[in-house]
Each structure stands twice: as C-alpha cells, then as structure tokens.
Amino acid sequence: MTLSPATSLTPDHLTTSAQHGGASRRGPHRLASTSCERLWALRSSYGVVAKYDPPLRLQGTLIHTCLAYYYAERMRPQPSWFVERPIDVALAKDGEGHPDLIRNAVAVFEAFKQRVAGDTWQPICAEEEFEATIGEIDPEGSDTSLNSEVVTCRTDLVIEVNGELWIVDHKSTGGSYNSDRLAVWKDDGEYKMNWQIMMNLHILRTPRNVARLGGRTVRGFIIQRLKQRPPYDFDRHPVHVPALAYQATPRTARNFVAKEREILQKIERGESPTPNFGACWGRYGACDYHDLCAASSKSEQQAILDTAYKTLK
Ligand code: SF4
C-alpha cells in the first residue's frame, strides 16, 4: 500500500470539526485500537478511513444527529454548530445518498420526542469533547515522559437532573429477536465494565473539567437506548461501574499511549505495524479494514485502497 504516515502522536488531521459528531481526537476507541498495530496505524497515523459507513452504523449516526439537535435546542447558550447548521441540512449531509435512512431516523426521533415530552433532564452540553493529560488521570505512573500526553472523549450529552450531573450516551439498537421491545436491560451486561464509560468518567472528573462544568463532578453515566424500528421503544439506565476496574482504567490508558508511541517509532524506522488477525471480527462485525487485509495480492490491496477508502487531510 502506498501511504504517508503522520509523524506525531496526536496528528492534526484527526482534529474534529466544530460541528456535532465525529470521532474524538484521541478517544477510548482510538486508544483501544492499538490491540492491532496495523489498525491503529491505518486510522491514526495514515488517516485512512472507509469512504462509506455501513448502513447500520450510518443509521445510528443519523439518530445521534437528531438527538444532538434536540438537546442543543434546549441549551443556553446553544452550541455554535446548532446555530450555524439547521438539522435538515445536517441530516442531508450526514446521510447523503441514503434518504431511506434519514426518513427512518426522523421517524425514531419523532417517537422519541413524544416519549420524553415533559422531561426533567436539563442538557448542559451536547456533543462536546473533553480532554485530560495522562498525568492528570494517572499521576502515579512511572514513565513521566507520557504525563503530558492528552487523551480525549466526546460525550453525547451531559445533563443535570435532580441537582446532579450525568454523562449520557445514546445507543440505538435493532431490538430483541423475540420481542417488539428493547432487549431486557442487565446491570451486569455489556456496559458494566465498559472502557469508553470508565474513560469518560475519569476525564470529566479531573479538576479542570470539574471547573469547566461549573465546579460540579459528574455523578455517573447513563445509557439511553432507542429501538431503530417500529414499534419504537426507549429506556434509560444508570451504569454501575465496578470500583476495581474503574481505579485501574488510568493505568490502562497510560499503557495504550505507550503502545501508540511504540507503533509510531516503528513506522518512523520504516517497519510495518504488525497485524493482529485475532481482532478482525468483533461483536459489531468486521474491522473497518477487513477488506484491505483480506486482499489476495498487493495489487488487489492497492485497488481496494484506491476505491473503497480515502485519506483524511
Ligand atoms: S482487519 Fe484485522 S489485521 Fe487488518 S487492521 Fe483490522 S484488526 Fe488489524
């Protein structure tokens, strides 16, 4: 593959735009992607991304767009992206070429608005990125050269309810196979020990982000679920984060950042990042680079790279 790597641990081309949505610059997903050096390098060093999102992911993105606008409208002051770009323009841009998915997202959104009419949630920020240094979240780590490295998270929403602040993440799902309802919520299910949730909490609880939130520390993390197809169904659940895993999370983040540095140094020496074929297929389907890695020859790989992927500037 013919690619040019970025030579910084925090490449500028990953900086998010001022509008809603988009990946966090150095968020939990990027850090965890170091489990496959090739995956991390393609996304975070070479800036290679798929030209088109899979429909299921795009559907989720469009529903997130609707919710971001719903909550931003209720904030004072309203975010600049809300003021500058109306929701129909945002949906048309995000869902370009998929009017069916836009219609479905709007249908979910209309049902959601009816369900939450009279809601006591007061949105504090929507689709905002927060950052902290490794030294702030893990002050006892031995490799102090990593202390100034910045990690980030982009929260879907921070709300105030009953005098407390909570981080909220929207999860849109297809629902349960045997039922018209969302799958039964389990406190000890997939969100109990969740890397994204634990990192979000650590970053927002640093002193500078407590100050940014008016001197208040977030109480916890809520998952707000939405069913993507009729009959629509919605619910909300606070997550009970396990104490020991939560305490160990900052050290894991430090180790991920160390791994990022190791991969980057490897690239700078002219070596190829090592693929991890044990990580190609996960719970949410194939890795974004599955087709590239599954090519039968270098020429086929180059052809796939040229047609199905683009490079972020
Ligand atoms: S397909 Fe597998 S080997 Fe290739 S980048 Fe993804 S996880 Fe790594």
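Biologist: Is the crossing in which α3 passes α6 left-handed or right-handed?
Modeller: Happy to start there, with a predicted model in which local features need pLDDT of at least 70, side-chain atom pairs count only at pLDDT 80 or more, and totals for chains, interfaces and linings use all residues. Residues are numbered from 1 along each chain as its sequence is written. A crossing is left-handed if the near helix is turned anticlockwise from the far one by less than a right angle, and right-handed if clockwise. By that rule, the way α3 passes α6 is right-handed.

Biologist: How are α3 and α6 oriented to each other, roughly parallel or oblique?
Modeller: Helices here are DSSP runs (H or I, at least four residues), strands are E runs of at least two, and both are numbered from the N terminus. Helix α3 (residues 55-73) packs against helix α6 (residues 99-115) at about 45°, with axes 9 Å apart; axes are lines fitted to C-alpha atoms, for helices over the stretch in contact, and angles run from 0 to 180 degrees between N-to-C directions. Angles under 35 degrees count as roughly parallel, over 145 as roughly antiparallel, 65 to 115 as roughly perpendicular and the rest as oblique. The two helices are therefore oblique.

Biologist: Nice. Which elements do the buried residues of α2 pack against?
Modeller: Buried means 20 or more other C-beta atoms within 10 Å of a residue's own, exposed 12 or fewer, and partly exposed in between, with C-beta atoms placed from the backbone. In α2, 8 of the 9 residues are buried, including Trp40 and Leu42. Contact is counted when two such C-beta atoms lie within 7 Å. The partners of the buried residues are α1 (28-32), β1 (48-50) and α10 (243-268).

Biologist: And which helices each supply at least two residues of the shell around the ligand?
Modeller: The residues surrounding the ligand include Arg38, Leu39, His290 and Cys293; being near means a C-beta atom, placed from the backbone, within 6 Å. The helices asked for are α2 (37-45) and α11 (290-293).

Biologist: What about Thr274: is this residue buried or exposed?
Modeller: Thr274 sits in the loop between α10 and β7 (281-282). Leaving aside residues up to four places away in sequence, Thr274 touches Glu37 and Arg38. With 11 other C-beta atoms within 10 Å, Thr274 is exposed.
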